[in-house]
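Work through the exercises below with the sequence and model open. Try each task before reading its solution.

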Amino acid sequence: MTADWTRGIYAITDATLLPDDECLFAACERALSAAPALLQYRDKSADADKRWRQAATLAGYCHDAGVPLIVNDDIALAAQLGARFGTTVGLHLGQQDGALDAAREILGPAAIIGATCHARLDLAERAVAEGASYLAFGRFFASRTKPEAPAAPLTLLSDAARFGLPRVAIGGLDVHTMRLAREAGAELLATVHAVFGADDPAIAIKELQASLVEAARH
Ligand SMILES: Cc1ncc(COP(=O)(O)OP(=O)(O)O)c(N)n1
Ligand SMILES: Cc1nc(C(=O)O)sc1CCOP(=O)(O)O
Ligand SMILES: [Mg+2]
C-alpha cells in the first residue's frame, strides 16, 4: 500500500477516453508510474465480464505500485477483488449505489470506502456515521466528463473540515483549478480528464503534483 493515500492526486478512469483494454492498461501503467494517491476504476457499462477483467488487471498493477484501487459503484466487484488483493482494493459509492454501512460490513474495517456527498454536509455526516474513509464533494468547476453533476461552492471544503476525514474535491479540476481546491482545503484532488484526457498520464500527474506543491508555498 502507498505511504499515504490520504493526500494527492486521485486519478479516475473513463471508458470513453480509454475505450479498450489496451488503452486502459497502458494509460493506467503510465499513471501509476507517477504515484497518484489513489486510482479509481470507473466504468458505467453493464458488461460484467469486461468490468471484472479490467478491474482485476488494474488491481494487480495497483498492488505492485503500492497504490490503492478504488472500484466505482460495485460492491460485489470490490469484494471479489478484495478477497484476492486485500486492502489494495476499495470502493466508491454515490447516493444511488447501495448502503455504505452494508459495504463496510462486507469489505471489513481496513478497506478504503469513499462516499459522494455532492454539496451537502448532511450527506457527509451520514457517510461518516456509516463508516466512510473519505468524503467526496463536487462538482466544483465545469466538468467535461460529467457536466450534469450538481455544482458545489469551494467554501464547502472548509466547512467539511469538522468531519476529520480526507476531503476529496472533484469536477473540472485541472492544473489551475486544482490549486484552488487544494487551497480551499481538499486533501485529495480527483480528476478524470486532466489525467486520462492527456497524451501522457504520467506527465499530467507530475504537472498536477507540481501545482499542489506550488499551492503549499502560498
Ligand atoms: C472520488 C469520486 N467522487 C465522486 C464520484 C461520483 O460518484 P457518483 O455520484 O456515484 O457518480 P458516478 O461516478 O457513479 O457516475 C466518484 N465516482 N468518485
Ligand atoms: C465522476 C464525477 N463525479 C462528479 C461529482 O460532482 O460528483 S464530477 C465527475 C467527473 C469528474 O471528471 P472531470 O475531472 O473530467 O471533470
Ligand atoms: Mg456511482
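**Exercise 1: A loop residue**

Task: decide whether Asp73 is buried or exposed, or falls in between.

Solution. Asp73 has 18 other C-beta atoms within 10 Å, so it is partly exposed. The cut-offs are these: buried means 20 or more other C-beta atoms within 10 Å of the residue's own, exposed means 12 or fewer, and partly exposed lies in between, with C-beta atoms placed from the backbone. Asp73 sits in the loop between β3 (69-72) and α3 (75-85). Helices (H or I, at least four residues) and strands (E, at least two) are DSSP runs, numbered from the N terminus. Last, check the backbone. Asp73 is not a glycine, yet its phi is positive, about 75°.

The model is predicted: local features need pLDDT of at least 70, side-chain atom pairs count only at pLDDT 80 or more, and totals for chains, interfaces and linings use all residues. Residues are numbered from 1 along each chain as its sequence is written, while chains are lettered from A and ligands numbered from 1 in the order in which they are written.

**Exercise 2: The overall fold**

Task: find how the radius of gyration of the protein chain fits that of a compact globule.

Solution. Start with the inventory. The protein chain holds nine helices and eight strands. Now apply the globule rule, 2.2 Å times the number of residues to the power 0.38, with the radius taken over C-alpha atoms. For 218 residues a compact globule would have a radius near 17 Å; the chain has 16 Å, which agrees. Then take the extents. The C-alpha trace spans about 45 × 40 × 35 Å along its principal axes. Of the 218 residues, 46% are buried. Finish with contacts, meaning C-beta atoms, placed from the backbone, within 7 Å. Among contacts between residues at least 6 apart in sequence, 60% join residues at least 24 apart.

**Exercise 3: Helix α1**

Task: state which residues of α1 are buried, and which are exposed on the other side.

Solution. Check the length first. The expected span is 1.5 Å times one less than the number of residues. Helix α1 (residues 21-33) has 13 residues and should span 18 Å; its end C-alpha atoms are 18 Å apart, which agrees. Leu24, Ala27, Cys28, Ala31 and Leu32 are buried in α1. They cover an arc of only 130° around the axis, so they lie on the same side of α1. The arc is that of the directions from the helix axis to the C-beta atoms. Glu22 and Ala26 are exposed on the other side. Now look for the cover. It includes β1 (8-12), β2 (38-41), α2 (48-65), α8 (193-196) and α9 (201-216). Just after α1, Ala35 has a positive phi of about 55°.

**Exercise 4: Helix α9**

Task: repeat the analysis for α9 and say which elements cover its buried residues.

Solution. The 16 residues of α9 reach 23 Å from first C-alpha to last, close to the 22 Å expected at 1.5 Å a residue. Pro201, Ala204, Ile205, Leu208 and Ser211 are buried in α9. Their arc is only 120° around the axis, which puts them on the same side of α9. Ala210, Val213, Glu214 and Ala216 are exposed on the other side. The cover of the buried residues includes β1, α1, α7 and α8.

**Exercise 5: Two ligand shells**

Task: name the residues that come nearest to ligand 1 and those closest to ligand 2.

Solution. A residue is near a molecule if its C-beta atom, placed from the backbone, lies within 6 Å of it. Around ligand 1 there are 15 residues, and Gly94, Thr116, Ala136, Ile170 and Ala190 come nearest. β1, β5 (113-116) and β7 (167-170) each supply at least two residues of this shell. The shell around ligand 1 divides into six nonpolar, six polar and three charged residues. Ala, Val, Leu, Ile, Met, Phe, Trp, Tyr, Cys and Pro count as nonpolar, Asp, Glu, Lys and Arg as charged, and the others, Gly among them, as polar.

Ligand 2 is surrounded by 15 residues; the closest are Gly138, Arg139, Ser143, Thr145 and His193. Its shell has four nonpolar, eight polar and three charged residues. Now inspect the backbone here. The peptide bond from Gly138 to Arg139 is cis, with omega near 5°. Arg139 is in the loop between β6 (134-138) and α6 (155-159).

How values were computed: Two residues are in contact if their C-beta atoms, placed from the backbone, lie within 7 Å.
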